[in-house]
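Dear colleague,

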Amino acid sequence: MKPALIAFGALFFIILLIPTLLVAPFMDQSKGKLSEELSEAKKDAPVLGESPLDVPVYRSQSKEIENIALEEYVIGVVASEMPADFETEALKAQALAARTYITKQLMNEQALSAPKGSVVTDTQMHQVYKSDKELQEIWGKDYNWKLKKITEAVAATQGKILTYDSQPIEALFFSTSNGYTENSEDYWQEPIPYLKSVESIWDEKSPKFYDKEVIPLQEFEKKLGVTIKNSGSVGKITGLTPGKRVATVEVGGKKFSGKAIREKLGLKSSDFTWELKGDSVVIETKGFGHGVGMSQYGANFMAADGKVYTDIVSYYYKGAEISDADPFLTKYTANK
């Protein structure tokens, strides 16, 4: 019986061993290949480094100042100012603009329109910023993928800003052009060499390209401080900017700039046409925003056409260069 038991035991061991022998080579190969792929992915994935400083941000809801790590601040701005489902290269361009903007604000000796102790607010007065907790509430189940995508875009541009003549630029941006961006001097009177009108033909595909406002005549007159006579006409557009927006207009015997009309009436753009219909003024606009700097939808369509973020920023900010932020941030830290 003993030889039989030994033989049976040996056979049982072989039966157990055979599957392992058959699978082991493939397991090793698979494991090695998977490890290699994971290592490669990890190597290529952007990693968000430590922020060099904190940004004092006035939170408009709590009415308190929060010190937010620079790169976390940039993430919160990009997440608030540009849809996360935009192309990655457009998000990178937005991250570069956001970091440039705050770097320039940090360098200002006096905070512009920000409460004492802060450098910026979290509103459109400067750049809209939302915290991680606020983003979780806004995004819900989409939080993880949206935050990952935006964080990668910010990490890919970390430590970089846009400069002109070795100084951070005014990295202005807006939603949608009317087909052209605007010269800075045609909206704010100050000529800035890198904020010049360029064609932005992609924007016509933006869902925010066209808008119509119907304003009661009495409200229209009150907001502009004019009286419209029974001439059947609202007013006369007397000049256009190189960016094809209204430069000047005459209404009820008064002269206004297109910018003033846009702001007083709350229009989406200063590219407008209007007509009097009964007791209302019907106003049609093209584009959304002031029109100076980078068009966000234009950037997105450029990225969809295969352009990378460096192409996008060099197109909208003529002559600007991508530079290291450290020298400027160091000055801010030294002056604190």
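Please note that the model is predicted.

With those terms, helix α7 (residues 217–224) lies across β7, β11 and β12, and runs at about 95 degrees to β7. Helix α8 (residues 258–265) also packs on the sheet, where it touches β7, β11 and β12. The direction of α8 makes about 60 degrees with that of β11.

The sheet itself is open and has three strands in the order β7-β12-β11, paired antiparallel. Its edge strands, each pairing on one side only, are β7 (210–216) and β11 (272–277). From one strand to the next, the twist averages 20 degrees. Six bridges join β11 to strand β12 (residues 280–286) in the antiparallel sense; L276, for instance, has V281 of β12 as its bridge partner.

The axes of α2 (residues 70–81) and α5 (residues 143–156) come within 10 Å and cross at roughly 125 degrees. Because angles from 65 to 115 degrees count as roughly perpendicular and those over 145 as roughly antiparallel, α2 is oblique to α5. The crossing of α2 and α5 is right-handed. On the α2 side, the contact is made by E71, V74, I75, V78 and A79, and on the α5 side by L147, I150, T151 and V154. These residues comprise seven nonpolar, one polar and one charged.

With kind regards

Conventions: Residues numbered from 1 in each chain as written. Predicted model: local features only at pLDDT ≥ 70, side-chain atom pairs only at ≥ 80, totals over all residues. Heavy atoms only, no water. Axes fitted to C-alpha atoms, helices over the stretch in contact; angles between N-to-C directions. Helix = DSSP H or I, 4+ residues; strand = E, 2+ residues; numbered from the N terminus. Parallel < 35°, antiparallel > 145°, perpendicular 65-115°, else oblique. Left-handed = near helix turned anticlockwise from the far one by under 90°. Contact = heavy atoms within 4.5 Å. Nonpolar A, V, L, I, M, F, W, Y, C, P; charged D, E, K, R; others polar. Pairing = 2+ DSSP bridges.
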